[in-house]
Amino acid sequence: MKIKADYTNEPQWKVLTVKSSLPEQLKCLDEIAHNMWWVWNFEARDLFRDLDPEIYHDVKHNPVMLLERLSFARKEAIMKDKALMKRVKDVYAQFRAYMDVKPDTKRPSVAYFCMEYGIHSALKIYSGGLGMLAGDYVKEASDSNVDMCAVGFLYRFGYFTQSLSMDGQQITNYETQNFGSLPIERQLDSDGNPMVVDVPYTNYQVHAYVWRVNVGRVKLYLLDTDNEMNSDFDKPITHSLYGGDWENRLKQEILLGIGGMLLLKKLGIKKDIYHCNEGHAALCNLQRLCDYIEDGLTFNQALELVRASGLYTVHTPVPAGHDYFDEGLFGKYMGGYPQRLGISWDEFIGMGRTNPEDKGEKFCMSTFACNTCQEVNGVSWLHGEVSKKMFAPIWKGYYPEENHVGYVTNGVHFPTWAAAEWRAVYAKYFDAKFMGDQSNEEIWHGIYNCPDEEIWATRQALKAKLFDYIKVQFRETWLKNQGDPSRVVKLLERFNPNALVIGFCRRFATYKRAHLLFTDLERLDRIVNNPERPVIFLFAGKAHPADGAGQGLIKRIFEISQMPQFQGKVIFLEDYDFLLARRLVSGVDIWMNTPTRPLEASGTSGEKAEMNGVVNLSVKDGWWLEGYREGAGWALTEKRTYQNQGYQDQLDAATIYSLLENEILPLYYDRDKKGISKGWIKVVKNSIAQIAPHYTMKRQLDDYYSKFYEKQAKRFKELSKNDFRLAKEIALWKETVAERWDAISVVSAESTAPANGLHETGQEYTLRYVINEQGLDDAVALEKVNVAIDKDGNEHVFSIEPLKMVKKEGNNYTFEAKHSPKQAGQYKSAVRMYPCNKNLPHRQDFCYVKWLELPNA
C-alpha cells in the first residue's frame, strides 16, 4: 500500500478574543473607551492621546486599540504619574456625572432606524452625509437626555477606504474590521450568551448577532450576519454598506426593518415613536403590523396604530434615489406576509406603488414608508417643497403644496464639530447656560465681545493645525503615488499658511459640480498665483465605486493638481473620513459648495464649518437657502438663468471667479498694522452670531419633537386607550366610507354665477350642492378649489373656498358657500369632495377624493 503524501482534515477554527488586562486603577479607562462619549469630549480625547501619543496616532484615535497596545511598562509609568492619574480620575468623574442622569420621561421615547451611523472613524459603519447626520442625531439625543435607542448594522468591511493611483484613478479598498478592537460590546441574552436574532427569509431564517454601541446615554444596536450560523449566501448581508446587487440590498432592508423590530422585541423595548431615517428601514412597519395583527387586531386597525407612531424622513430629492424592487424578487422574500396580514398579495405590494393597481410598477420602499407613516419630512425647507412634488402622485386629488409632507432642516452636533479652540472661545464669551440653549441666537451674539485679534489667532492656529495634519498624514501617500520624491518635498514646501484656503470636500457625485472651479483654467491660474493674494484649494471626497462619472471628476482634479501652475495650489486629499473632515471644517477659511439646484437635500458640512468661524461660499440650495445672511458669507442665487446646464455652469463659474477677485480676496488681504483683516473678522463674527445658532443638532432634535414626536405620541396614546377603542372606531369608519364612496351622489347643484364662466370681482355668488351621503351621517366635506397657471404652465392652488353644511334631510346634506372673486385673472375651478373626520391627522391619511363639476360652468 502506497502511503499518501498528505492526509489532514479541515481545522475547526473557533474565534477567541484575548484582551489586554488593565490594572484596577486604570479599569475606568476601558469603561470610557467603550462609550463613544469620548468622541465629543476633548478632555477624554486629550487624555487618551497623552497615554501614548505614538500609539494613539497609529491606531487612528481608537482608544480601545490604544489600551490593548499599551505595554506593561507604560501602564506602570502612567500609574506613577500623579498629574496623569489626576486627569484620569477627573475625566472619569465627569463621565460618570454625565451617565448617571436618568432619561427625561416627559418627552416621547423614540426608536431610530438607519443604514449607517457616522460616530467616529474608528467605527466604519458610515459612508457620507446620511450616516454623519444619524451619528450626530444619537449624540444629541444623549446630550438632551431623551429616551432613544437606535438600530443599524455592524459591517464587516464598512465603506471603502480610498487611495489614488499615479494617474489619479480612485482605488477602493475594503478593510476588514476586527470587532474585538472596536469601541463596541456584545449584547448578551439573559443566560449571558451572545444574543442572536432570528430573522425570517422566505422559508428559512438568517441569524444575526447583536452588538451594542454606547453613544453616551443612548444605545445603538447593530446587527451582524457574518457568523458561522449562516450560509455563505447570507453572511455577506452585513459585509458592506450599500454593497452587492439588488437582492442583497433587499435582504439588507429586511434585516434592518424586520430584524430591527425583532431585535427590539427580544430586548423588551417598546417606544412611542418609530423613526425611519430614509426608506431603507420601511419594513419595520411591516413587522409592527404583523405584531398587532397577531395580538388580535385586524389589518386596518393595526395600520391606524402603526401609522400614528411612524415617521419617515426622506433625504433624497429625486425619485431615482429611492430603492425599487421587481415584483418577482420582492415576492421571493415577502410572499408569505399577505397571509399574516390578512390581505391579498396585490393589496400588499400595492402599498409600495404610486399606482397600486399597476402591475408593471416596482415596489418602492419610500412609497411603502409614506403609506405606513403618518408623517413624512424632508431635511430642509426647500427639500420639503421638493419632496411634496416628488411624493404628490401617492396622494391623488391634492396638489403638492397641499399635502402633509413637512421638513426639519438638518443640523450638526456642536460638541463633535466645534474645535476645542473654538469651544474655549465660546466658553469665555457666551452665557454659562449655552450648552443647554444652543439655538438661542442672543447667546451667540457674545462673539461680538471677542477681540478681533483673538478671532484671527484662533483661525490661524487651526489652519496651522490642518497643514501639520496634512503633512504628517499624506507625506507617505504622496511619495507612494506621485513617484518623484523631490516633487513631493517641493509640494510640501509650497504650502503657504498665510494663503486664503478654500475647501471643497464632499461626496463626488456629478450634481455636486466639483468641476465648476476649473471651467476657465487661465483665470484660475491668475487667481491662485497672485503673489499678493495667494489662494489654496483643498479637495477631498469619495465617488461611489459604481459612479464612473464621479470617479472621472476626481481624476480630472488630480490631473489639474499636477500641472506646474497648480502644484501646491490645488490639492486633492485622499480618503476623506471623520478625522480629516474635523480638521478641514475647522482649518480652511472658506467652505465652498456648488450643487446643481435643487439637488442638495440639505448638506451639513457647511454647518460644521459655521461652528468654527469658517465662512460659506455656496449656491443657495439645501440649508444655505435658509442660512445665508448678507455680510455673513457669500451666495450664488438659487434661480436658474439658463435651462441648458452647461450654460448655467459657465455662469456660476464666472460668478465664483468674480466673487473671489472682486470681493473675497480684497477683503481677506486688507490687513491692518497687526496683519489682521478687520473686514474679514466682521464676516466671521456675523457668520457665528447670526447663522451658527440655527444649525445645531440641538435645534434639529427639538424641531423633531415639536413638529412630529410630541403630536404623534399624543395621538398614538389616544388611539391606544381602552383596548385601542379609537383606533378601531376610525378603522371601521374608514371601511364604511370606502364601501359607500362610489355610491355617494350629487342630488342637485346650483350656482348664481354666470353660465358663461365670466365672473366679476366684488360680485357675490352663491354655490349650493345637495349630496346623498348614503347613510354616512355627515362624513364628507366640500370645497371649491381655484387653480392658477403660472408662466411656466404649472398649476398651483390659488385659493380654496369651503362649503358649509347648512341643512340635513334624511341622507341628503346641503352644502353652501357665498364667494366673491378678489382678483381678476383666468382660473380653473372645481369642487372637491373628501371624507371628513375630526380624528384624522390630515387629509392624506384617508385620501379619497371625488371631483364635482361646477354648475352652470
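**The second largest cavity**

Reply: The second largest cavity has a volume of about 30 Å³. It belongs to a predicted model, in which a search of the whole structure finds two cavities of 30 Å³ or more. The lining of the second largest cavity consists of Tyr112, Leu133, Tyr137, His275, Asn277, Thr313, His315, Val379, Asn410, Gln700 and Tyr704. Two or more of the lining residues come from each of helix 7 (129-143), strand 9 (273-277) and helix 28 (697-740). By class, the lining of the second largest cavity holds five nonpolar and six polar residues, with no charged residue.

The helix packing concerns helix 9 and helix 10. Two packed helices are described by the angle between their axes and the distance between the axes. For helix 9 (residues 284-294) and helix 10 (residues 299-308), the axes come within 9 Å and cross at roughly 130°. The crossing in which helix 9 passes helix 10 is right-handed. On the side of helix 9, the contact involves Asn285, Arg288, Leu289, Tyr292 and Ile293, which meet Phe299, Ala302, Leu303, Leu305 and Val306 in helix 10. Sorted by class, the residues of this contact comprise eight nonpolar, one polar and one charged.

Notes. Residues numbered from 1 in each chain as written. Predicted model: local features only at pLDDT ≥ 70, side-chain atom pairs only at ≥ 80, totals over all residues. Heavy atoms only, no water. Axes fitted to C-alpha atoms, helices over the stretch in contact; angles between N-to-C directions. Helix = DSSP H or I, 4+ residues; strand = E, 2+ residues; numbered from the N terminus. Left-handed = near helix turned anticlockwise from the far one by under 90°. Contact = heavy atoms within 4.5 Å. Nonpolar A, V, L, I, M, F, W, Y, C, P; charged D, E, K, R; others polar. 1 Å grid on protein atoms, 1.4 Å probe; cavity = no way out; pocket = protein on both sides within 12 Å on 5 of 7 lines; lining within 4 Å. Points joined across faces, edges and corners; volume = space filled by probe spheres on them.
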